[in-house]
Amino acid sequence: MVEVKKEDQALTNGEAKSSEVSQIVKEIEQAFTSLHKAASNFDNRHISKVFRDLVPLRRKIKDNVVALDIAIEKAYPPNNSSKEILRKAIGEPRHEHTDDIEIEQDEKTATQILPEIDLYLHLLVQVYLLDVGRLAELDKFNEAVIAVMNSYNRRSLDFIQAKIWFYICRTKELKGDLISIRPALLLSLRTAVLRHDNETTASIITLLLRNYLINHDVSQASNLIEKTEFPENVGNALVARYYYYLARINAVQLDYSLAHEYVTAAIRKAPQTSLANGFIQTATKLNIIIELLMGDIPQLKVFKTNSVNLEPYSMVTKAVRLGDLKLFGQVLNKYEKYFINDDNFTLVSRLRQNVIKTGIRIISLAYSKISLKDICIKLHLDSEESTEYIVSKAIRDGVIEASINHEQGYMKSKELLDVYSTTLPQTAFDQRIRFCLSLHNDSVKSMRYPSDNNKLDSAKNTIDSKEDEIDLLKAIEEGDLDDFMD
Amino acid sequence: MSLQKLTAELYKSFDSGSHVQCQKLLPAIKLELIKHNLLLPLDSNTQTSDQINDLRISERILEIGALSSLLTNNYQGFEGYFSHLRPFYSNSSLHGKVEVNTDSTKIISLYLLYLLSQGLISKFHTELEQIFNSKQYAIEKDKYLQFPLNLERNLMEGNYNKIWKLLNADDNKLPCEEYNHFIETLINALRFEIAKSLEKGYDSLPINNCKTLLYLPQEYSPAAFKKFCEENLEVDNWKFENSTVFFNSTVAEEDVSDNSNTIVVNVLNYAEQIESIV
């Protein structure tokens, strides 16, 4: 399709470059064929495959934007309005290389462009503008993109739309203008829900949550969660993000056990590749804090396996574990900036009470009977009176099993209960079995079976589609991850 | 009546301390504000300095509304005015600079106190998260905002002694007089918390000590004390005998037959599930 004119004076350098360009154009066109398949078979897995290839393609386009320009030129019929907008958005180099490459119009595209391809090209332009950091132009371009998206209504577009919205929000975020995008987001959320467009719905919900949480508008975020229903069967990446935000909101609202459930779900759902490292780290940090707030001590393993520096968090854990208020104060002072940066400072500063409680717990384990005065001294508390109140509060919260004798001013620990005489082990056991069973059921549900048409197809076709299938499965396993930036 | 006249009258009655009169004036003023598009700061009405001045006035009106409803025990009204004020406070052309000890932080801290006194801790933290992360407020330096924060922290730790001291500081030590309004509710909430802790932490306690711990005056006769506890502190399982209080902490034993019942149900459920797998 693409012929490179060889002219005598063409430098080898330029030649290499233009062959590279044609290579990229080919890649983009390969994506087009996948999109065609997706559109005709209504099989969104093809789109997942396109997105998997997006990451390397993105890097190449950044260096060779001409290729994108050419692809656009070829894909659109001559008098298409989007074409002009797209090319204008890319801007600069247009005429330099177009002469080197002959352009043949595809017969199909000559009449009309497939909506999938149209949006895909918009997406590519968005990504390019983002990569080269031309935010102002991107912001302007986004308005055009939204208009284009609104003009289509096809289920095969869902995945692409979801991704485009992600980049629109990313732009606004980088520009520091978070509020102006909200009405557009809410509007398209409504449209997406009405159309049962799960992927876009899920994507927009997470984007809105992110938007609210960056502004620390927790009440708005929890309102949104109450009013919307997160769709099932969407990409794992989206679900993981949604769970992470849920965890954060619940943690702020003091519902730690629920928050813990969500944050572990988020970590489990997150793709286990290097691309999602940033997400897993953030989630792990939140998890550590939530566990501490619940009165648990995170395992040492957590701090060791993570490649990133979790030192502040391990120091906080140490302070809580030792029940040492002084150390806690020091750690809080020293790493204040770090915690604020992670948006965890308010949560961390809530830990002060836990430090005291673990202190009391350690004492109650070590002594069967101890005077309140000694507790006061050991924990660096202000006065014996406050100690009495604090200990009684700890008993009430179930931190320790003990009773206080006021007249003689001591605390007496109760005999340790035999856990196995209660129903606790049973409920724990029950919980685990239920988890395993639901895991099994979910995996049965999510299995895919070949459709009936395949049986009728000729043998050759089956082989073809099998290869295709394997390719697609790979794409799905790896997931679309390039947008894990939080 | 015109808006100016009404506003002047409102200022006058607020300054003279007749909050009931303020409450009567406010609905009419609010209607006028809506007519002039001044009840909500938007991009469109914060362009010129005249508009901003107008909005400042309506902010002041709403603040008076909040304070006067608070002082007339109209908590719902207070909450309503606070949610009206929220967009004003977060608007960058009205409140762009760092604010310490201003009217807005005062109202916010009153709202926080209100949430505390109602026991709405999770709302309190939601609010706090936003205040803490907004550059507009310097919590450490703000005497208004410090107060509810200290209260909450000590309440969570169980350091009731400190709270008592905070609440019973001399009137001029409190950051502002409106706080006095909450003191009583807060003290009641405090006693309730203490009573719940006592119940769990002690087997028995002489009434005299109990009075001290609950910060009740020693003059209370045992009978009066008993009456007070029963009325205010939900103490169903306290026994008052011979100037000692016994806390009946024995919780009814779990029904064993009920327990085996759940086991049977669970196991049957597992069997069913496993059958479907096999």
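Residues are numbered from 1 along each chain as its sequence is written, while chains are lettered from A and ligands numbered from 1 in the order in which they are written. Because the model is predicted, local features need pLDDT of at least 70 and side-chain atom pairs count only at pLDDT 80 or more, whereas totals for chains, interfaces and linings use all residues; side-chain values use heavy atoms, with hydrogens and water left out.

## The interface of chain B and chain A

Where contact means heavy atoms within 4.5 Å, chain B brings 40 residues to the interface and chain A brings 39 residues. The size of an interface is often given as the accessible area lost when the parts come together. Here the buried area, which is the accessible area (1.4 Å probe) that two parts lose on being put together, summed over both, is about 3,800 Å², and carbon and sulfur atoms give 53% of that area. On the side of chain B, E129(B), E157(B) and Y270(B) supply 17% of the area that this chain buries against chain A, more than any other three residues.

Six residue pairs, with both residues at pLDDT 80 or more, are in polar contact between chain B and chain A. A polar contact is a pair of N or O atoms within 3.5 Å; within protein, one must be able to donate a hydrogen and the other to accept it, and residues adjacent in sequence count only if both atoms are side-chain atoms. The elements of chain B that give two or more residues to the side touching chain A are α6 (121-133), α7 (143-157), α8 (160-167), α9 (180-201), β1 (204-206), α10 (207-213) and α12 (256-277), where helices (H or I, at least four residues) and strands (E, at least two) are DSSP runs, numbered from the N terminus. The largest share of this side, eight residues, comes from α6(B).

## Salt bridges

Side chains of opposite charge can pair when their charged atoms come close.

| Salt bridge | N to O distance |
|---|---|
| R210(A) and E173(A) | 2.7 Å |
| E79(B) and K123(B) | 3.5 Å |
| R86(B) and E127(B) | 2.7 Å |

In chain A, the salt bridge of R210(A) and E173(A) links helix α11 (residues 198-214), which holds R210(A), with helix α9 (residues 158-175), which holds E173(A), the two residues being 37 residues apart. R210(A) is buried, with a relative accessible area of 19%, where buried means under 20% relative accessible area, exposed over 50%, and partly exposed in between (1.4 Å probe, protein chains only). R170(A), E173(A) and R210(A) are linked in a network of salt bridges.

In chain B, the salt bridge of E79(B) and K123(B) joins helix α4 (residues 75-90) to helix α6, so the pair ties together parts that are 44 residues apart in sequence. E79(B) is partly exposed at 26% relative accessible area, and K123(B) also counts as partly exposed, at 39%. R86(B) in helix α4 and E127(B) in helix α6 of chain B are 41 residues apart; R86(B) is partly exposed at 30% relative accessibility, whereas E127(B) is buried at 10%.

How values were computed:
A salt bridge is a side-chain nitrogen of Lys or Arg within 4 Å of a carboxyl oxygen of Asp or Glu.
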